[in-house]
Amino acid sequence: MISAPGVRDVGRSRALSLPDFCAARAVLAVVLIVTLTAVVLSVARQNVVLGFWLDLARTALFLLWTGLGCAAALCLLRRPLAALPLATAIVGALAAMLAVIALVSAGVLWLGGSSLLGARATNLLLPEKPWHFFAANLGIGAIVGALALRYFYVSGEWRRNVELQARARIHALQARIRPHFLFNSMNTIAALTRSNPEKAEEAVQDLADLFRANLSEQRSSITLKEELEVARIYQRIEQLRLGERLHVIWDVTDLPMRAQVPGLLMQPLLENAIFHGIEPRPSGGIVTVSGALDGDTIGLTVRNPLPEAGGAAHPGNRIALDNIRERMELLYPGRSSVEANRVGDEYIVRLRFPHVEDPTRISSL
Amino acid sequence: MNTLASTQRVLIVDDETPARERLRRLLDELGEVVIVGEAASGEAAVRLAGELQPDVLLLDVRMPGMSGLEAARHLALLPAAPAVVFTTAYDSYAIEAFEAQAIGYLLKPVRAEKLRAALQRAARLAAAQLTSIARADPERPARSHVSARLGDAVRLIAIAEIYYFSADQKYTTVRHRAGSELIEDTLRALEGEFAAQFVRVHRNALVNISFLAAVERDPAGQHQVVLRETGERLAVSRRLAGELRERLQL
């Protein structure tokens, strides 16, 4: 029942994932690669008639037109190509690049045939055999273009793999509800069914909601309000079992309740605080959940007492913290932090992450 | 045997109120037993077992403070120790150990028919069985108390209250805040179990580190430890003096 939910999109049909050539970074990369290629070609050719610099200028001019032209074509065609089946998209992209090369080559030949540059420049700079020039450019373009597309495809596949693995791991970790909690809750409900049927009914509803939150896989982020509600449901169930021993103080009224947060952020922290801080203490204790908005950053803090000296301490609370840290890092790369410290006789976990209210923006931060 | 003598007297032990409530109701419905009391902790279970002399304990494995396993170990000292049926929601190590030792246990939520069967088969457990199960517990390497037999009851002494253990040829004595008692554990076993808290100062003495006030030499050049609170002095053997110094500096 609590087995890890499968990752569904793995089988999504494979598509050609091109880099975004409209982005400044990509354009800069194209310019750099093209210029370096021109340098390599000019050095290798050792053209004695033109000399190195003139040869470089000529080659770079031609290659920059071709390179930036291809980048522009792929930029315009990115969306339509992404929607096509893989083979068709590759043929389409290759055809677009060859068309650009043909256009630029034709432009060069037209310029050579015209009298715009003057006879001397034309003789020195332009190819002698036009049709040979045309065919060679298309041939080289086809080979280089195919290699580039192959590279984009492989790196896209690799990136998708990494993302899928991360997502699968999230799901596997999310699906971990402590079996102890489940069976103890069932026992509590079994006791309540006769002594207090209304409470038992409530507990079953709470348990259902909690499992739904734990098993849901559609959304990687939910609103802070929903997330706090899941944690409160968890508290209600534990309250039935632990009674007077458990006190939870909620100091969260200052938080932006519509903020998007990763699912199962607070509940595992509260679970940890109760499992490690309250359960091992015969007299119980107080767990404090507090939160504040500091500029664009949301800070959440959960504190619980340490087990009494000599009392039994449950081992291993790092797993939940590591899980939360990984998920926050995936959602807000480099902009979140998870700290856990012993301070005096308390254990304090602090989360900080950016305040985002638009769910579509959360993955593109 | 008449029916009255065969009626089992049961003590319910669980730290969670709803769990105790439920066992009480199930036992009431079985109708063949008398519930003599309820306890919410291991310590209370040991104390009540002495007072109420139940035949069977329904004993939760996982409780804060003293666990059910430890309570059972203390009770196993008694010549007329009660039978024990453990209850657990999910303690995989304990369940494995119970299976291996053929010890009766019930999984929560407990089913009425399984409860009936477990009570019929309930048997007193040997100390050795319980010790070996306790060793499998990943969370509690040592007991929270040692125990001394006191007639039909068990006297518990919290580890934090103990000044030192000392041994002569036959007996181990535990000297603690409220006096001293004879216990059945050997000094060697105690040293192994409480290695984090106690240090051997002599072939015949194991001292609680938190009560060590000072290490001194008497006029004859013999090393001694001085204890906090009592001011008692215990001889330190020449061989262990160096080790003791190292340990105290840590």
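1. The interface. The contact draws 24 residues from chain A and 21 residues from chain B. Two residues are in contact if their C-beta atoms, placed from the backbone, lie within 7 Å. This is a predicted model: local features need pLDDT of at least 70, side-chain atom pairs count only at pLDDT 80 or more, and totals for chains, interfaces and linings use all residues. Residues are numbered from 1 along each chain as its sequence is written, while chains are lettered from A and ligands numbered from 1 in the order in which they are written.

2. What chain A brings. On the side of chain A that touches chain B, the elements giving two or more residues are α6 (179–195) and α8 (224–242) of chain A. The largest share, 12 residues, comes from α6(A). Helices (H or I, at least four residues) and strands (E, at least two) are DSSP runs, numbered from the N terminus. By class, this side of chain A has 11 nonpolar, 9 polar and 4 charged residues. Ala, Val, Leu, Ile, Met, Phe, Trp, Tyr, Cys and Pro count as nonpolar; Asp, Glu, Lys and Arg count as charged; the others, Gly among them, count as polar.

3. Strand pairing in chain A. Strands β2 (residues 246–251) and β4 (residues 285–294) of chain A pair in the parallel sense, over 6 bridges. Two strands pair if DSSP finds at least two bridges between them. Asp251(A) stands opposite Ser290(A) in β4(A).

4. A hairpin in chain A. β4(A) also runs antiparallel to β5 (residues 297–305) of chain A, with 7 bridges joining them. Leu293(A) stands opposite Ile298(A) in β5(A). β4(A) and β5(A) form a hairpin with 2 residues between them. Gly295(A), in the turn, has a positive phi of about 65°.

5. Chain B overall. Chain B has 9 helices and 15 strands. Of its 250 residues, 42% count as buried, that is, with 20 or more other C-beta atoms within 10 Å of their own, C-beta atoms being placed from the backbone. Of the contacts in chain B with a separation of 6 or more, 58% are between residues 24 or more positions apart.

6. A sheet in chain B. 5 strands form an open, antiparallel sheet in the order β10-β9-β8-β12-β11 (chain B). β10 (179–183) and β11 (198–202) of chain B stand at the edges with a single partner strand each, so one side of each has no neighbour in the sheet. The twist averages 20° from one strand to the next. Within this chain, 3 bridges join β8 (residues 162–167) to β12 (residues 205–208), which run antiparallel. Ser166(B) has Ala205(B) in β12(B) as its bridge partner.

Conventions: A residue is buried if 20 or more other C-beta atoms lie within 10 Å of its own, exposed if 12 or fewer, and partly exposed in between; C-beta atoms are placed from the backbone. Axes are lines fitted to C-alpha atoms, for helices over the stretch in contact, and angles run from 0 to 180 degrees between N-to-C directions.
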